[in-house]
Amino acid sequence: MKDLEQKIRSFTPVSDSDMEYGLQFYRKEIYKKGAYLVKPEQSIQDFYFMKKGCVTYYTMEEGVTRVMEFFTEGSFFTDLYPYIEEIPSESYLEVIEDSIVYTISKTDALKVFDYSHALERFGRLSMQKAFINNFQRINRMKNISNQERYLQLLEKRPSLFQRVPQYLIASYLGLTPVGLSKIRKRLSQQ
């Protein structure tokens, strides 16, 4: 759990005693490729930290997969809106690589936040970061070209291209697999 502890401390200083209290509520879970952490209509009760592996966050719209994010090592994640609002999910969190995940229930997270101001601050800052990341991604999708989105992803998260099927990367970029293939071909010829 050292990596989880380091990630929490990257948001705010936390005393050893507060950290020990908070970490006791996390459960280590192992998921095989193809498992689901969340499916539509499910109540969202858990918040996750990815120790090892990859999870894709997506919706299905008229039979088409719409990827919103990939969560890899060091990511905190959940289906945030239903988690906060306590409504059923409309999305999927699917394991696309065998994964090791630390999980904390919402009930336990609230206990931890009541116990420690520093851990409550961590919770607030991590949720803010998730919101900002979503907002920035939406703006990028609207304001730059398909090729620029591809190049940014290649620069910022190159390992995704070895870990994630190309059709999911295409969906994440707002492209069809053919559109992604054309961009890659055009760039290889430059």
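This is a predicted model: local features need pLDDT of at least 70, side-chain atom pairs count only at pLDDT 80 or more; totals for chains, interfaces and linings use all residues.
## The largest pocket

Let's start with the biggest open space. The largest pocket has a volume of about 730 Å³, and 30 residues line it. If you want to find its centre on screen, look for Glu69, Phe70, Phe71, Asn133 and Arg157, the lining residues that lie nearest to it.

Several elements give two or more residues to this lining: the helices α1 (2-11), α5 (117-143) and α6 (146-156), together with the strands β3 (46-61), β4 (64-71) and β5 (76-77). The top contributor is α5, with nine residues. Sorted by class, the lining of the largest pocket holds 13 nonpolar, nine charged and eight polar residues.

## The second largest pocket

Next comes a pocket of about 340 Å³. Its lining is made of 16 residues, and those nearest the centre are Tyr57, Asp79, Leu80, Tyr81 and Pro82. Here β3, α3 (80-85) and α5 each supply at least two lining residues.

By class, the lining of the second largest pocket has ten nonpolar residues, four polar ones and two charged ones.

## The buried side of α6

Which residues of α6 are buried? They are Arg149, Tyr150 and Leu153. These three sit on the same side of α6, because they cover an arc of only 100° around the axis.

What do the buried residues of α6 pack against? Their partners are α5, α7 (160-163), α8 (166-172) and α9 (177-188).

Methods: Residues are numbered from 1 along each chain as its sequence is written. Side-chain values use heavy atoms; hydrogens and water are left out. On a 1 Å grid over the protein atoms alone, a cavity is a set of points where a 1.4 Å probe fits but cannot get out, and a pocket is an open set with protein on both sides within 12 Å along at least five of seven lines; lining residues have an atom within 4 Å of a point. Grid points are joined across faces, edges and corners, and a volume is the space filled by probe spheres set on the points. Helices (H or I, at least four residues) and strands (E, at least two) are DSSP runs, numbered from the N terminus. Ala, Val, Leu, Ile, Met, Phe, Trp, Tyr, Cys and Pro count as nonpolar, Asp, Glu, Lys and Arg as charged, and the others, Gly among them, as polar. Buried means under 20% relative accessible area, exposed over 50%, partly exposed in between (1.4 Å probe, protein chains only). The arc is that of the directions from the helix axis to the C-beta atoms. Contact means heavy atoms within 4.5 Å.
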